[in-house]
Amino acid sequence: MGITVSGAGEANAAPDMVEVDVGVSVLADSVQDATRIAADRADAVSSALTAGGVAAEDMATTEYSIRPEYDYSASNQRLLGYRVSNTVRAKLRDVASTGPLLDSVVSAGGDETKVNGLGFGVADESALLAKAREAAWNDARTKAEQLAALSGHTLGKATAITETIQGPVLPMPRLMAADMSMSERASTPIEPGSSTVTVTLQVEFGFRE
């Protein structure tokens with residue numbers, strides 16, 4: 001004999017790291033020219049990341065491809081050249097530096113630069129989860145104590161617990177609008193938002209005799 005209740009808890013934290021895919025995409029008449037230019041631009045991008053404080057162990061190549069590119073607008077396909085793409089995933093551990101660092105990367109890579117896959121996160125997710133779990137437990141316990149008292153019983157120990165975790169729900173990066181030109185702005189403004197973890201507990205309690 002006992003009672004079953006559910007409790008929910010949520011915890012929020014400001015992101016303390018950001019991962020971004022940056023690289024170059026070069027189109028040239030020959031494979032040799034495309035690979036040479038792409039190598040130069042990619043090296044410049046990597047140097048900009050390093051100069052911006054990104055450690056070597058926080059950078060990893062995620063894409064390298066060489067492929068012919070065609071124009072299909074006419075009845076017969078026409079070879080435009082060869083495209084070489086080189087992408088690196090970089091982990092930035094100083095969120096505030098994201099905007100200035102991206103500006104440096106774009107400046108280093110030039111028109112061939114590509115930036116995508118920007119995502120914020122929390123390095124220590126376990127602390128966030130523990131906080132949400134404690135809130136869920138307190139919620140469940142409060143409900144159970146009230147229901148036990150209303151039914152004329154004294155709440156006993158928990159006999160079974162089922163946990164459901166949602167998250168962390170990472171914020172979508174938001175580029176703030178600016179009326180100034182690129183040359184007038186100090187850096188690209190980016191808002192990291194906050195990261196959220198939600199824990200739901202279903203707890204079975206016995207009654208104390």
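1. Helices (H or I, at least four residues) and strands (E, at least two) are DSSP runs, numbered from the N terminus. The model is a predicted one, in which local features need pLDDT of at least 70, side-chain atom pairs count only at pLDDT 80 or more, and totals for chains, interfaces and linings use all residues. Residues are numbered from 1 along each chain as its sequence is written, and side-chain values use heavy atoms, with hydrogens and water left out.

2. From its first C-alpha to its last, α1 reaches 30 Å with 21 residues. This is close to the 30 Å expected at 1.5 Å a residue, the expected span being 1.5 Å times one less than the number of residues.

3. Which residues of α1 are buried? They are Ala34, Ala38, Ala42, Val45, Ala48 and Leu49. These cover an arc of only 115 degrees around the axis, so they sit on the same side of α1; the arc is that of the directions from the helix axis to the C-beta atoms. Gln32, Asp43 and Ala51, on the other side of α1, are exposed. Buried means under 20% relative accessible area, exposed over 50%, and partly exposed in between (1.4 Å probe, protein chains only).

4. The buried residues of α1 pack against β2, β3, β4 and α2, where contact means heavy atoms within 4.5 Å. Helix α1 (residues 31-51) lies across β2, β3 and β4, and runs at about 155 degrees to β2. Helix α2 (residues 98-109) also packs on the sheet, where it touches β2, β4 and β5, and its direction makes about 160 degrees with that of β5. Axes are lines fitted to C-alpha atoms, for helices over the stretch in contact, and angles run from 0 to 180 degrees between N-to-C directions.

5. The sheet is open, with 4 strands in the order β3-β4-β2-β5 and antiparallel pairing. Because β3 (59-71) and β5 (113-121) stand at the edges with a single partner strand each, one side of each has no neighbour in the sheet. Two strands pair if DSSP finds at least two bridges between them. Strands β2 (residues 17-28) and β4 (residues 78-92) are joined by 11 bridges; Gly23 has Thr87 in β4 as its bridge partner.

6. Asp21 belongs to strand β2. Is Asp21 buried or exposed? Asp21 is buried, at a relative accessible area of 10%. Its side chain makes a polar contact (2.7 Å) with the side chain of Arg89. A polar contact is a pair of N or O atoms within 3.5 Å; within protein, one must be able to donate a hydrogen and the other to accept it, and residues adjacent in sequence count only if both atoms are side-chain atoms.
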